[in-house]
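Biologist: Could you walk me through this model and tell me what stands behind the terms you use?

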Amino acid sequence: MSKIRVALIEDHDLTRVGIRTALQQHDTIEVVGDAANATEGLKLLQSSKPDVAIIDIGLPDFDGIELTQKFKKSIVPVSDPDTKVLILTFQDNEEEVLAAFAAGADSYCMKDISFDQLVDVIKVTYEGNSWIDPAIARIVLKQAQKKESAGPEAPKHEGKKVTIKAAEP
């Protein structure tokens with residue numbers, strides 16, 4: 001298996017350096033770059049085209065949700081690789097979680113996970129699956145249930161199957 005190319009956008013120096021250093025120790029991951037703000041992060045993502053982008057929500061110039069949205073809109077589907085976005089944050093409120101997924105995030109992870117679990121989340125995200133932190137899964141489920149109970153005008157999802165895998169933190 002080739003290495004998973006990862007870019008990291010995180011404004012806190014100690015957190016960014018710690019995550020980058022830990023990921024560099026893992027033989028299946030290659031860190032292609034990191035940035036301390038969204039403006040530099042967008043440039044990094046567009047130039048390096050990583051397999052997985054780890055993005056914090058609370059960035060100083062504009063937030064990680066807007067960064068995700070701008071990056072996803074800048075991708076040329078035919079020629080650009082499909083970079084997956086993993087939100088790694090302390091934000092667990094409903095508005096932030098739903099906005100992140102609406103912007104195009106593929107996975108959502110809280111910062112209180114272990115390093116080994118983060119590596120697993122990166123792999124799951126890289127493989128094209130979504131990983132939702134158990135701490136925020138209830139928010140996503142609640143939103144899905146609201147849509148299902150919206151009544152007859154709600155679109156029917158016949159034949160669609162949703163599987164949610166969660167692990168205890």
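**Surface, strands and contacts**

Modeller: Gladly! The accessible surface of the protein comes to about 9400 Å², and 51% of that belongs to carbon and sulfur atoms; such areas come from the Shrake-Rupley method with a 1.4 Å probe, and for residues only the protein chains shown count as cover. This is a predicted model, where local features need pLDDT of at least 70, side-chain atom pairs count only at pLDDT 80 or more, and totals for chains, interfaces and linings use all residues. Residues are numbered from 1 along each chain as its sequence is written, and side-chain values use heavy atoms, with hydrogens and water left out.

Biologist: What makes strand 4 mostly covered?

Modeller: Buried means under 20% relative accessible area (exposed is over 50%, partly exposed in between; 1.4 Å probe, protein chains only). In strand 4 (residues 84-89), 6 of its 6 residues are buried, so the strand counts as mostly covered.

Biologist: How do you know that strand 4 pairs with strand 5?

Modeller: Strands (E, at least two residues) are DSSP runs, numbered from the N terminus, as are helices (H or I, at least four). Two strands pair if DSSP finds at least two bridges between them. 4 bridges join strand 4 to strand 5 (residues 107-110), so these parallel strands pair. Ile 87 stands opposite Tyr 108 in strand 5.

Biologist: Which residues does Glu 96 contact, leaving aside its neighbours within four places in sequence?

Modeller: With contact meaning heavy atoms within 4.5 Å, Glu 96 touches Ile 57, Ile 65, Gln 91 and Tyr 108. Glu 96 is found in helix 4 (residues 94-103).
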